[in-house]
Amino acid sequence: MSGADQRPPRRRGRPSQTSRVPRFATAATDVVVEACTSQALRDEFVRFPLTHYAGDPVFVQPIVAERRDFIDARINPFFEAARATFFVARRGGRVVGRIAACVDTRFNRFHGSRDGFLGLFESQSDPALASALFQPACEWLRQAGMTRVIGPVNLAFHHDVGVLIDGFEQPHAMMNAYNHRFYASLFEANGFVKLKDLVNFEVSSASGMPEKVVRLANRVRASGQVRIRQVDTSDPEGELRRIKAISESMLRPGAFGLSPMSEAELSHIVKKLRPLILFRPELCLVAEVGGEPVAFCLTVPDTNSAVKEAHGTLFPFGLARMLWAARRIQRLKVLLFGIKAGFRRRGIDALLAHETFLGATRLGYTTAEVGWMPEDDKLLTRMVQTAGGRRIKTYRVYERPL
């Protein structure tokens with residue numbers, strides 16, 4: 001089985017009593033949950049957040065067409081090594097919630113695990129409704145042979161993940177999750193416990209770059225051993241492979257979250273970001289030592305403030321409103337950062353941070369959001385804090401045995 005298959009995979013034999021998930025909140029009896037086996041149901045799944053968050057001043061409505069493509073196995077190369085199913089919940093005929101269950105084969109193979117993901121979760125403030133959503137999704141994962149469920153993961157760790165538990169007043173940044181304040185209580189009422197907290201930081205041009213970072217960056221720059229250049233937009237495929245090699249040198253089985261991406265999937269993501277990279281190549285940097293790429297930092301304008309003006313659709317007027325709003329963007333998002341194994345603690349991070357800061361302030365940007373990163377990655381969080389980062393958001397990832 002491959003792709004976004006709506007039918008639960010078959011499993012031989014009956015699950016043992018010990019593998020069954022204990023009951024917590026009782027599932028609502030007036031809720032009907034159905035798998036999205038048609039395009040019409042998938043459209044309801046994709047469109048639900050537009051009404052669910054209506055009136056929320058922070059939430060940025062996604063572009064419906066982009067979200068439709070995201071869950072389509074014919075378009076998104078993530079599904080080459082993953083399968084998923086999608087559910088909507090109705091009460092009185094109205095959609096009141098949704099959930100996805102996903103098995104990422106590449107993730108499990110890399111980590112030697114049997115973890116299933118729950119994601120794209122939305123629900124009204126009702127633990128019984130949430131229970132009605134969790135039950136069929138978890139059952140689908142059990143029948144797929146998974147032994148633990150992790151979530152929210154939407155649909156992989158290199159997408160947006162976690163339940164926002166603080167920082168609700170902060171802007172909804174691109175490629176980060178957002179949810180109502182009561183979501184954590186829905187997970188906890190249904191037997192989910194904390195697996196890991198993820199944190200985001202904000203760097204402001206007003207506060208400047210700390211002097212010790214500037215001194216270290218200047219020392220590394222003066223040594224002549226490290227060269228900083230813009231990403232090579234004339235050789236996108238080659239640059240993609242170089243960035244992928246740096247990223248994968250940092251991965252190790254058993255470490256939290258990330259796993260290798262296929263070149264097709266990474267290319268798919270970069271292709272969507274390419275207009276932003278071409279718009280501000282000064283902020284997408286690669287560090288080289290002896291001609292070898294050893295680190296990178298990709299920072300782009302945070303387009304969510306412009307996307308918000310489209311109100312979920314590009315046509316007939318959404319695209320024009322979005323392009324007009326894009327002219328006023330002053331906020332950045334640090335999307336990807338990596339240092340090849342063996343090259344940390346050499347000041348390369350300080351040099352990349354300083355070069356990015358100088359470029360951003362020269363171009364008139366005022367703030368940048370950095371993250372997510374695991375709260376217990378002391379080296380990474382210390383590096384961001386040393387560069388002037390202020391913690392602004394926390395996302396919680398939950399787990400539950402199956």
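**Note on nonpolar cores and aromatic contacts**

1. The largest nonpolar core comprises 69 residues, and those with the most contacts inside it are Phe-45, Phe-86, Leu-118, Phe-121, Leu-141 and Leu-155. Helix 4, spanning residues 127-143, gives the most to this core, with 10 residues. A second, separate core has 21 residues, including Phe-201, Cys-297, Leu-351 and Leu-380. The model discussed here is a predicted one.

2. Leaving aside residues up to four places away in sequence, Phe-121 touches Arg-98, Ile-99, Ala-130, Leu-133, Phe-134, Asn-154, Tyr-183, Leu-186 and Phe-187. Phe-121 also belongs to one aromatic cluster together with Phe-134, Phe-182, Tyr-183, Phe-187, Phe-192 and Tyr-398.

3. The count of aromatic pairs comes to 19. Among them is the pair of Phe-182 and Tyr-183, which is tilted, with 5.3 Å centre to centre and 50° between the planes. How do the two residues stand in terms of accessibility, buried or partly exposed? Phe-182 counts as partly exposed, at 23% relative accessibility, whereas Tyr-183 is buried, with a relative accessible area of 2%. The cut-off that separates them is 20%, because buried means under 20% relative accessible area.

4. Phe-187 and Tyr-398 form a stacked aromatic pair, with 5.3 Å centre to centre and 10° between the planes. This pair links distant parts of the chain: Phe-187 lies in helix 5 (residues 183-188) and Tyr-398 in strand 15 (residues 390-401), 211 residues apart. Phe-187 has a relative accessible area of 1% and is therefore buried. Tyr-398 likewise counts as buried, at 1% relative accessibility.

5. For Arg-67, the charged end sits over the ring of Phe-70, 4.2 Å from its centre. For Arg-98, the charged end sits over the ring of Phe-45, 4.5 Å from its centre.

6. Why is Pro-275 classed as exposed? Its relative accessible area is 52%, and exposed means over 50%, so Pro-275 falls in that class. Pro-275 and Trp-372 are 97 residues apart in sequence, and their C-alpha to C-alpha separation in space is 23 Å.

Terms used: Residues numbered from 1 in each chain as written. Predicted model: local features only at pLDDT ≥ 70, side-chain atom pairs only at ≥ 80, totals over all residues. Heavy atoms only, no water. Core = buried A, V, L, I, M, F, W, Y, C linked by side-chain atoms within 4.5 Å. Buried < 20%, exposed > 50% of the residue type's maximum accessible area, 1.4 Å probe, protein only. Helix = DSSP H or I, 4+ residues; strand = E, 2+ residues; numbered from the N terminus. Contact = heavy atoms within 4.5 Å. Phe/Tyr/Trp six-rings, centres within 6.5 Å; stacked < 30°, edge-to-face > 60°. Lys NZ or Arg CZ within 6 Å of the ring centre and 35° of its normal.
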